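Trainee: I would like to learn how to read aromatic pairs and helix contacts in a model such as this one. Could we go through them step by step?

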Amino acid sequence: MSLSIRPHRVFRRYTDVTPEILESMGIRLLLCDLDNTLAPPKTRHPDQEVRSWIDSIRKAGVGFAIVSNNRSGSRVLDYCGELGVPYIGHAGKPKPGGFRRAMELFQETPEHTAMLGDLWTTDILGARLLGITMLAVEPVDGAPNFGHWLLYQIHRPWMAAARRRPLK
């Protein structure tokens, strides 16, 4: 098996991922990163746009959970609690444990699961290691630090390739 850090599809932002797109891909469970995917880091409360988007995903019959490496347990627990969505914290991405725990909650398989995230070293690599469909987004708040900026720059060619020709 060859391993790629190329996402299957790239979206400008999370709201571009619609229930119709997920249905066309056979996705029944959407796992989602939090920081720089749904909200800027340190955001304590979901805004109405995030709430409405998650509601539309769930109303379409797609399961939804946040899978995060974030170590600020109370902030993320509060954020997810306000949304009423499951949260897998300290997920250890790209290791498979956090992804597997989320899929077990919904009794779902990698073939019908997608991961939505912004960072290739955690979200994309972890999803691709398990055979989960990877949907990438541009970071919500840009690069929060030089390390993230560098990682985003390194990954730019793979993102561009996925924009030009999405994987099946």
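Mentor: Let us begin with two residues of this predicted model: Trp-53 is buried, and Phe-64 is buried as well.

Trainee: How is a pair of aromatic rings described?

Mentor: In general, one gives the distance of the centres together with the angle of the planes. In this structure the count comes to three aromatic pairs. In one of them, Trp-53 and Phe-64 are arranged edge-to-face, with 5.8 Å from centre to centre and 85° between the planes. This pair links distant parts of the chain, since Trp-53 belongs to helix H2 (residues 48–59) and Phe-64 to strand S3 (residues 63–67), 11 residues apart. Ring pairs also join Tyr-14, Trp-53 and Phe-64 into a cluster.

Trainee: Which arrangement do Phe-146 and Trp-149 form?

Mentor: Phe-146 and Trp-149 are stacked, at 5.6 Å centre to centre and with 25° between the planes. Both residues lie in helix H6, three residues apart, which is about one turn of the helix.

Trainee: At what angle do the axes of helix H5 and helix H6 cross?

Mentor: The axes of H5 (residues 120–130) and H6 (residues 146–164) come within 11 Å and cross at roughly 40°, and so H5 is oblique to H6. At this contact, Trp-120, Thr-121 and Ile-124 in H5 meet Leu-151, Ile-154 and His-155 in H6, a set that divides into four nonpolar, two polar and no charged residues.

How values were computed: Residues numbered from 1 in each chain as written. Predicted model: local features only at pLDDT ≥ 70, side-chain atom pairs only at ≥ 80, totals over all residues. Heavy atoms only, no water. Axes fitted to C-alpha atoms, helices over the stretch in contact; angles between N-to-C directions. Helix = DSSP H or I, 4+ residues; strand = E, 2+ residues; numbered from the N terminus. Parallel < 35°, antiparallel > 145°, perpendicular 65-115°, else oblique. Contact = heavy atoms within 4.5 Å. Nonpolar A, V, L, I, M, F, W, Y, C, P; charged D, E, K, R; others polar. Phe/Tyr/Trp six-rings, centres within 6.5 Å; stacked < 30°, edge-to-face > 60°. Buried < 20%, exposed > 50% of the residue type's maximum accessible area, 1.4 Å probe, protein only.
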